[in-house]
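Hi,

Here is the structure I promised to pass on. Have a look at it first, and then read my notes below.

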Amino acid sequence: MSEIIRINENSWRIEDGHVRFFLLCGSERAALIDSGMDTPDARSIAESLTALPLIMIYTHADRDHISGHAAFDKAWMNPAEEENFRRAGGTGEIVPLEDGDVIDLGGRPLRIIHIPGHTPGSIALLDVNGRFLIGGDSVQDGNIYMFGPMRDLGIYPASMRRLLELSDLYDEVWPSHGSFPVSPELIPQLIEGAEKILAGEAEGTLFEAHGNPILLFRFPFAGFLRPLPEE
Ligand SMILES: [Zn+2]
């Protein structure tokens, strides 16, 4: 059972177990940002909160973010995410969101920032007037999945640096997992952690994900899940 929490006048978060997604309303339309892991009725939930026309935007398309996809004809996402979306069973026509695009919900512009690494088409959304960033799985204090197909820790620090360059435009980050909200001060810490792992300077502990042994690199601020080194 998902829990609906109003954040402010025109924003909600929907807590769906270990993942959360968001409803943002402008004056002309509303946007769901992701649709949960176990919430096929995400659209109905959104429509119970607003009468505005609704679009479906994805921060990325891992299985735990798209459970409400079937209720929408169109899926707004970075085109590099389509493969992941289809693998997870996602249906509908892709509306491409490129880096720098601005979606206006009516007096509420959302700027798209492409931040590949966790997945190829991961994006962050900057609510320009609200001064917050929705970071998907890439900016959070839980464990960030960086193993398996389509993960690339090597390009993740550059994506986080792009967010840092824009840090005078937002005051908080709304993540998909872990604490809500988190401070932008987490971003340089994530860069440092990722770079330590890449340089072989961090120690992982054995961890199990869906029956497979992997490594958890846990720092005080967040963790990264990585494949076991190849023999
Ligand atoms: Zn996730």
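Before anything else, a word on burial: I call a residue buried if 20 or more other C-beta atoms lie within 10 Å of its own, exposed if 12 or fewer do, and partly exposed in between, with C-beta atoms placed from the backbone. Helices (H or I, at least four residues) and strands (E, at least two) are DSSP runs, numbered from the N terminus.

Bear in mind that this is a predicted model: local features need pLDDT of at least 70, side-chain atom pairs count only at pLDDT 80 or more, and totals for chains, interfaces and linings use all residues. Residues are numbered from 1 along each chain as its sequence is written.

The overall picture first. The protein has four helices and 16 strands. Its radius of gyration (taken over C-alpha atoms) is 17 Å, close to the 17 Å from the globule rule (2.2 Å times the number of residues to the power 0.38) for 231 residues, so it is as compact as a globular protein of that length. The C-alpha trace spans about 55 × 40 × 30 Å along its principal axes, and buried residues account for 43% of the 231 residues. Two residues count as in contact if their C-beta atoms, placed from the backbone, lie within 7 Å. Of the contacts between residues at least 6 apart in sequence, 53% join residues at least 24 apart.

Now the core. By nonpolar core I mean a set of buried Ala, Val, Leu, Ile, Met, Phe, Trp, Tyr and Cys residues joined through C-beta atoms within 7 Å. The largest one has 56 residues, and Leu-23, Leu-32, Ile-33 and Ala-124 touch the most other members. Strand β3 (residues 19-25) gives the largest share of this core, five residues.

What does β10 pair with? Strands pair if DSSP finds at least two bridges between them. Strand β9 (residues 109-114) runs antiparallel to β10 with five bridges, and Ile-112 has Leu-125 as its bridge partner. Three bridges join β10 to strand β11 (residues 132-136), also antiparallel, with Asp-127 opposite Phe-132. β10 and β11 make a hairpin with four residues between them, and Arg-131 in the turn has a positive phi of about 60 degrees.

Helix α3 (residues 156-165) belongs with this region: its buried residues pack against β9, β10, β11 and α4 (186-198). Tyr-156, Ser-159, Met-160 and Leu-163 are buried in α3. They cover an arc (of the directions from the helix axis to the C-beta atoms) of only 95 degrees, which puts them on the same side of α3. The face turned away from that buried side carries the exposed residues Ala-158, Leu-164 and Glu-165.

Last, an open sheet: four strands in the order β12-β16-β15-β14, with mixed pairing. β12 (143-145) and β14 (205-209) are at the edges with a single partner strand each, so one side of each has no neighbour in the sheet. Five bridges join β14 to β15 (residues 212-218), and the two run antiparallel; Ala-209 stands opposite Asn-212.

Cheers
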